[in-house]
Amino acid sequence: MKYKAIREEELKNKVGGDWFSAFDTTEIVGNIDFCVLPREDALWGRPALLWAEAKTGDYDVATMFVQLILTIGKARTFDKTLPPAFLGAFDFKKIAFVPYVSIQDIFYINDFDWTVTPSNQSTKEFALIKNRIEAILKSDTHLYDFEKDEKELSFFIKNNIAKATEAGKIKIDKNNFIPIYLRWLDYVKPAIDVNWDDLKKASILDSDFYLADLFVDDHDTQRIEDDTTIRDNLFVIYENQGYKIAKGNLDKLWDASFSIRNKEAYQQFWKRYKRPPLTEFQEYIIERRDLLVPQDIRERKGAFFTPRKWVELSQKYLADVLGEDWQDEYYVWDCAAGTGNLLAGLTNKYNIWASTLDQADVNAMHDRIGHGANLLDSHVFQFDFLNDEFSKLPQGLQDIINDENKRKKLVVYINPPYAEAASLSTVSNSGTNKTDVAVTTKVYEKYKSNIGIGGRELFVQFFTRIYAEIPGAVLAEFSKLKILQAPNFSAFRTFFRSSLEKLLLIPAYTFDNVKGNFPIGFFIWNTAFNQEFKSIESDVYGADGEFLGTKRIFTTTEIESINDWLITTRNRGNENKIGFLSAKGSDFQNTNFIFIINDKNQLPHPRGTWITDRNILEVSIYLAVRHCIEATWLNDRDQFLYPDDSWKADTEFQNDCLMFTLFDNSNNIQSKCGVNNWIPFTADEVNAGDKFESSFMTDFLGGRITPDKPANVSLFETDAEIGIYDQTPRQFSAEAKAVLDSGRELWKYYHVQKDINVNASLYDIREHFQGRNDQGRMNARSTDAHYTELIASLRQNLNTLASKIAPKVYEHGFLKK
């Protein structure tokens, strides 16, 4: 065997030197094992020629390709750099090649789970790709033995890999038009003489100029004369070595033209690409122009496709609620239709209406009608639902809305835009609140006093206008659960009194370009019934469309939250501060913001409460309750509530929570930030080299710290909260003792190390053994085998304790079942 018994790095070096010496194989691209590029550096960089997976031993070829494709897809490498002409896979014996174009569509499957581990061969994703690769290898074999097929392999590299650099211009297709656009932003956009802010106000974006460039031939001639589909969908056209706003799209700007300041930069960039795009992809590029729109604008316009499986499932539920013949008995209006994919599958085109904000999307739907889509041209129109008057609607739809009986037979069927005023980045101080995203619409201005702060989100404004101005209609919509549960939406819930007939829950990450691990609901509301929402048993479906069971969803409008309970633990008098609890939000999506630090000044915008010797048990309960149950996509919006009083008599629960808090990773006490009051051992117990600066925690656990009853507590008041501190000493369950014992062994091992901090906290000990990476983040693992064993034992015992606490979370009313 040519390369037997060598390590992977050596194998890559030898294959690079023996077969690809004419190229550069030293560059690392993402997590890809082996990359081949031309040696010469062109003006706009070097296009990759080959990405390959490398394995030692005698490996299955198809399996190697699957792991490579999953690696590329997981990192979205093709979005960051132009893909190569070929993918490859080799081991010590053989090498195989597959044209990239033969598998590129896999990367754009909507419901494909790219989070799977590439080496896990049991997933359906692995099987799907393997079947595809095996079929390709059978029909178009590029498999070579390094020894037996030496001449054939050399010939293939010379006439395929090498010529990928000589093929001239890169052909534009549906899978590279986005990466090309990202490069265009860097090299061409700055060369255009345009005031982008002025154009943006008129809904003209840089992507419109890019599309104009795409549909130009090698002679810089706009290729739209014979294609009305393209012509009608371009806001900007390329003309006379510059750009012009397409006549008819925007009356105020249709005669405006814009020159190119740096024609050389423009020409050099487009020398790399063959324009216009390949014919078979032109319609797709026009239809999916939404992918070029910046994220914030896509959120405003609702430019997100609903996966086909959820479209079909939602229509099944509509039939269940409205009856088998609902499409003949009801009218349907999608007032946020985009390019109309939510309406696919509906059969009665005479009862279907579709409107959208962008004329280009309207044109795309008209084009789809020409290709067989089951819609009527006259029922598809441009309409700004949040600003335009209903008098602009087609007369047939106006007649339905203005007739009370017909209105009750109207189904407003939408997946509306969902631009948010706040996101994770704004809460964590790494972004800015988009408070102006939705506050400029006429609907918001009209109803803001009724719908409160939740009305600053666009989808709520859609529902508000439907409820108020199309009373009695059926609203069938996709949205987040916050309209049922979130505190900020209580005013909207008071205003929007409708009967929720059905609800199904599906993972948000299955939707096109939606990030996050939370549920999306499909709601069927009957606005004819004035009814306050209390709860509903919802159906739950997994990412593959499989039925998972049911889940009861409650509103919490009139129920105080766990944060309201936490507030009651403040200002008890005669307190000694021992730390600060960060506490943001009252649902699972905010779990990562629940942690303990030394001082509130460590946070840029602190929100929480001081931890003292008078509230440490309640704080421990709060933290343990928020962390002991794993956050999932399904419980992401579940609200933690003000508990019942039953927890006050449950001393085992209190002490379990205290032990959990002492050793959970959310305890971020650091000795460098102040006195460490959180060491649960004496110096003798862990063989420390010196006494600890603070003995607070061991004194507290031993019952030697019992706060005095504050003077302001009345004789007639129930002061059970004070009484829970009277236990002497604290008695722990077997599960809590196991955590304490494993923690003790960890502390002992730390204190035999050199150059340590005798007052080290759990966080300090983890930092000592795990270290930090180049970005300053603590490493996830340690190279110390014994530490790894000790921390694993601690985590295992902590998980057992968490499982014991979890049922009490429901029993004491912190969560509803």
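## A negative patch

A patch here is built from residues with over 30% relative accessible area and no salt bridge, joining like charges within 9 Å and nonpolar side chains (Val, Leu, Ile, Met, Phe, Trp, Tyr) within 5 Å. In this predicted model, local features need pLDDT of at least 70 and side-chain atom pairs count only at pLDDT 80 or more, while totals for chains, interfaces and linings use all residues. Residues are numbered from 1 along each chain as its sequence is written, and side-chain values use heavy atoms, leaving out hydrogens and water.

E324, D325, D328 and E329 make up a negative surface patch. E324 sits in the loop between α13 (308–322) and α14 (326–329), where helices are DSSP runs of H or I with at least four residues and strands are E runs of at least two. E324 counts as exposed because its relative accessibility is 75%; the cut-offs are over 50% for exposed, under 20% for buried and partly exposed in between, with a 1.4 Å probe and protein chains only.

Most residues other than glycine have a negative phi, and most peptide bonds are trans. Now for the exceptions.

Going from R275 to P276, the peptide bond is cis, with omega near -5°. P276 belongs to the loop between β10 (273–274) and α11 (279–287).

Q241 is not a glycine, yet its phi is positive, near 60°. You'll find Q241 in the loop between β7 (236–239) and β8 (242–245), partly exposed because its relative accessibility is 35%. D755 has a positive phi too, near 55°, and lies in the loop between α28 (734–750) and α29 (762–770). With a relative accessible area of 79%, D755 is exposed.

Definitions and conventions
Accessible areas come from the Shrake-Rupley method with a 1.4 Å probe; for residues, only the protein chains shown count as cover. A salt bridge is a side-chain nitrogen of Lys or Arg within 4 Å of a carboxyl oxygen of Asp or Glu. Lys and Arg count as positive and Asp and Glu as negative; His and the chain ends are not counted. The place of a charge is taken as NZ of Lys, CZ of Arg, CG of Asp or CD of Glu.
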